[in-house]
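Try each task before reading its solution.

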Amino acid sequence: MRALLLALALVAAPALADSDLPPAPLANTQLADPKQEAQAKALMETIRCLVCQGQSIADSDAELAGDMRAMVRERIAAGEKPAAIRAWLVQRYGAWVSYEPPLDRRTWLLWAAPVLFLVLGIMIATRSFRRRRR
Amino acid sequence: MKDRVKWLPLVLFILLGSALTYGLAKPDRTNITSKMIGASVPSFALPAAAKGLPGLTSADLATGKPHLVNIFASWCVPCIAEAPQLRAIAAAGVPVVGIAVRDRPEALARFLARNGNPFQAIGADDASQVQMAFGSSGVPESFVVDGKGRILQQTIGPINPQDVAGVVAAVKAAQ
């Protein structure tokens, strides 16, 4: 019985919601120019995958992530600046799609929090040390 | 006074801890709404995806008549469930056009033969580029586009039977 189940499990094709088109040419192929590839890589690591939402498009194996990588590489190869490509994506999907939050009125606390916590910690530490010395 | 200050770090810690726990425990937001609502359709030109049907360009969506743009694929299972609703919407006089994402002509032809064809035109988006330009992150998704080519509304996931009347009304209202 167990052998039969195992055999069935081996032949069963998982119901993947994926197309059978091969990945876009530049999805998994690096650009010839190492400088451009480095730019593309840096950008891809800070763009969120729309399917596997905890991953960057550099890490994700989703088809849409592959198409996004191809798009990034094509545009970098065509001379577009990474910041412009990020802005293009943010215009469509919101700031959510970028792993590099901008510094603005809504996010200043996010950027300031480490410094604020450090200052608070130093204040608490100096106060308690001073008390102990006395 | 001093006694109360002593408890402040603990209180802050508990507040921070509860906020973080809440953030981790609350269900994930999985629907990514397009920020292109209110904007013009991005400029694009897609070749025909199916024999006998024209391809789709952004100019086709700015001819004075509103459209329903359906982003779909023959390999997408919810798209099969959505097909009867799209037929009903087309039968109600709404021009429905399709963008087939990463599809093969043979597979698409089989899909249309099996599920009926509500589409006036289908563009082949082989590398999801136009899907991304619309701010769409999956299939199926539908966009209501007015006669001037402005995106008015997005439906994420299949249009269900109870949504048909609303979609038809939205397209008819968008002259």
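**Exercise 1.** Does A:Pro101 count as buried or exposed?

*Solution.* Keep in mind that this is a predicted model. Start by locating the residue: A:Pro101 sits in the loop between α4 and α5 (108-133) of chain A. Next, count its surroundings. A:Pro101 has 12 C-beta neighbours inside 10 Å, and the cut-off for an exposed residue is 12 or fewer. A:Pro101 therefore counts as exposed. Then look at its partners: setting aside neighbours within four places in sequence, A:Pro101 is in contact with A:Ala95, A:Thr107 and A:Leu110. Finally, take a distance. From A:Pro101 to A:Ala125 there are 24 residues in sequence and 31 Å in space, C-alpha to C-alpha.

**Exercise 2.** Describe the fold of chain A and how α2(A) packs on α4(A).

*Solution.* Begin with the elements. Chain A has five helices and zero strands, in the order α-α-α-α-α from the N terminus. Of its 134 residues, 23% count as buried. Among contacts in chain A with a separation of 6 or more, 52% join residues 24 or more positions apart.

Now turn to the helix pair. Helix α2 (residues 34-44) and helix α4 (residues 82-93) of chain A pack at an angle of about 30°, and their axes are 10 Å apart. The crossing of α2(A) with α4(A) is right-handed. From α2(A) come A:Gln39, A:Ala42 and A:Leu43, which meet A:Pro82, A:Ile85 and A:Arg86 of α4(A). By class, the residues of this contact are four nonpolar, one polar and one charged.

**Exercise 3.** Work out why the buried residues of α3(B) line one face of the helix.

*Solution.* First list the buried residues of helix α3 (residues 105-115) of chain B: they are B:Leu108, B:Phe111 and B:Leu112. Look down the axis of α3(B): its buried residues fall within an arc of 95°, so they line one face of the helix. On the other side of α3(B), the exposed residues are B:Glu106, B:Arg110, B:Ala113 and B:Arg114. As for the cover, β4 (96-101) of chain B is included in what lies over the buried residues of α3(B). Just past the helix, B:Gly116 has a positive phi of about 85°.

**Exercise 4.** Find the residues other than glycine with positive phi at B:Arg102 and B:Ser128, then the cis peptide bond at B:Pro140.

- B:Arg102, in the loop between β4 and α3 of chain B, has a phi near 45°. This residue counts as buried because it has 26 C-beta neighbours inside 10 Å.
- B:Ser128, in the loop between β5 (119-125) and α4 of chain B, has a phi near 60°. It is buried too, with 28 other C-beta atoms within 10 Å.
- B:Pro140 is in the loop between α4 (129-133) and β6 (141-145) of chain B. Its bond to B:Val139 is cis, with omega about -10°.

Methods: Residues are numbered from 1 along each chain as its sequence is written. Chains are lettered from A and ligands numbered from 1 in the order in which they are written. This is a predicted model: local features need pLDDT of at least 70, side-chain atom pairs count only at pLDDT 80 or more; totals for chains, interfaces and linings use all residues. Helices (H or I, at least four residues) and strands (E, at least two) are DSSP runs, numbered from the N terminus. A residue is buried if 20 or more other C-beta atoms lie within 10 Å of its own, exposed if 12 or fewer, and partly exposed in between; C-beta atoms are placed from the backbone. Two residues are in contact if their C-beta atoms, placed from the backbone, lie within 7 Å. The arc is that of the directions from the helix axis to the C-beta atoms. Axes are lines fitted to C-alpha atoms, for helices over the stretch in contact, and angles run from 0 to 180 degrees between N-to-C directions. A crossing is left-handed if the near helix is turned anticlockwise from the far one by less than a right angle, and right-handed if clockwise. Ala, Val, Leu, Ile, Met, Phe, Trp, Tyr, Cys and Pro count as nonpolar, Asp, Glu, Lys and Arg as charged, and the others, Gly among them, as polar.
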